[in-house]
Every structure is written in C-alpha cells, then in structure tokens.
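Please examine the sequence and the structure shown below. The paragraphs that follow lead through a helix, its ring pairs and a pairing of charges.

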Amino acid sequence: MKVNVQSVNFNVDQKLVSFTKEKLTKLEGHFSKIISAEVFMKVQNTSAKENKKTEILLNIPGGEFVAKKTYKTFEEGVDQCLSSLERQLMKFKEKQKMRLV
C-alpha cells in the first residue's frame, strides 16, 4: 500500500510519519486490497487545545473511505481515524459477502 502524508501549517517529523505508516499497514490485515492512503495533518489556528486535525482517505478497488478527527495530538487522531476506517472496511466486507450469497 502506498502511503502519502501531508502536513499543513507545520513541519511533520519522521517519527510521526513512521507511526502513521505503521498503523496504516495494520489495516491490511482486515482488507488486503487497499491501494493507497492519503493522510492530511493540519494544525488549526484556534485557542482550543484540540486543534490538530487528522484526515485519512483510503483508496480501495471500487471506492474510498474517509475519516476526519480533531484531537490534542496527531497520534490520537490517527488512532481514532484508523478505528473508524476499520469499522468502515468491516461493513464493506460484509456487504461484499452478502452480494456473493
């Protein structure tokens, strides 16, 4: 799976990129046909503590899935986005199985 990480309003460090890629590869255990993942990380200019927005776009054959989360840290945002994408992939797989029956 090809992973592209983009940062807006800050410079992303290699540690965060590695963390994100490592977490995304775990999704392949649930669905092996993932083509690519686009990860967008943005620091919003607000006074709120939860100002780090994470958005992940997952491309699969026949569609795409999106998860957007805003948290205090990007690591937390990535974890929550992945949980959401995991649920979306499970539902998608169930629908595929139903079509085959």
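Which residues in H2 are buried? In H2, the buried residues are Phe74, Gly77, Val78, Cys81, Leu82, Ser84, Leu85, Leu89 and Phe92. Here buried means under 20% relative accessible area, exposed means over 50%, and partly exposed lies in between, with a 1.4 Å probe and protein chains only. This is a predicted model, in which local features need pLDDT of at least 70 and side-chain atom pairs count only at pLDDT 80 or more, while totals for chains, interfaces and linings use all residues. Residues are numbered from 1 along each chain as its sequence is written, and side-chain values use heavy atoms, with hydrogens and water left out.

Helices (H or I, at least four residues) and strands (E, at least two) are DSSP runs numbered from the N terminus. The expected span of a helix is 1.5 Å times one less than its number of residues. For the 27 residues of H2 this gives 39 Å, and the end C-alpha atoms are 39 Å apart, which agrees. The buried residues of H2 pack against H1, strand E2 (36-43), strand E3 (52-60) and E4, where contact means heavy atoms within 4.5 Å.

The aromatic rings come next. A pair of aromatic rings is described by the distance of the centres and the angle of the planes. Rings of Phe, Tyr and Trp (its six-membered ring) pair if their centres lie within 6.5 Å; planes under 30 degrees apart count as stacked, over 60 as edge-to-face and the rest as tilted. The whole structure contains three aromatic pairs. Phe10 and Phe74 form a stacked pair, because their ring centres are 4.8 Å apart and their planes stand at 15°. This pair links distant parts of the chain, 64 residues apart: Phe10 lies in the loop between strand E1 (2-8) and helix H1 (14-27), and Phe74 in helix H2 (residues 74-100). Phe10 is partly exposed at 21% relative accessible area, whereas Phe74 is buried at 6%.

Phe65 and Phe92 have ring centres 5.6 Å apart and planes at 75°, so this pair is edge-to-face. Phe65 belongs to strand E4 (residues 63-71) and Phe92 to helix H2, 27 residues apart. Both Phe65 and Phe92 are buried. Ring pairs also join Phe31, Phe65 and Phe92 into a cluster.

Side chains of opposite charge can pair when their charged atoms come close. A salt bridge is a side-chain nitrogen of Lys or Arg within 4 Å of a carboxyl oxygen of Asp or Glu. The structure holds one salt bridge, in which the side chains of Asp79 and Lys23 meet at 3.4 Å, N to O. The bridge connects Asp79 in helix H2 with Lys23 in helix H1, 56 residues apart. Asp79 is partly exposed at 30% relative accessibility, and Lys23 is partly exposed at 23%.
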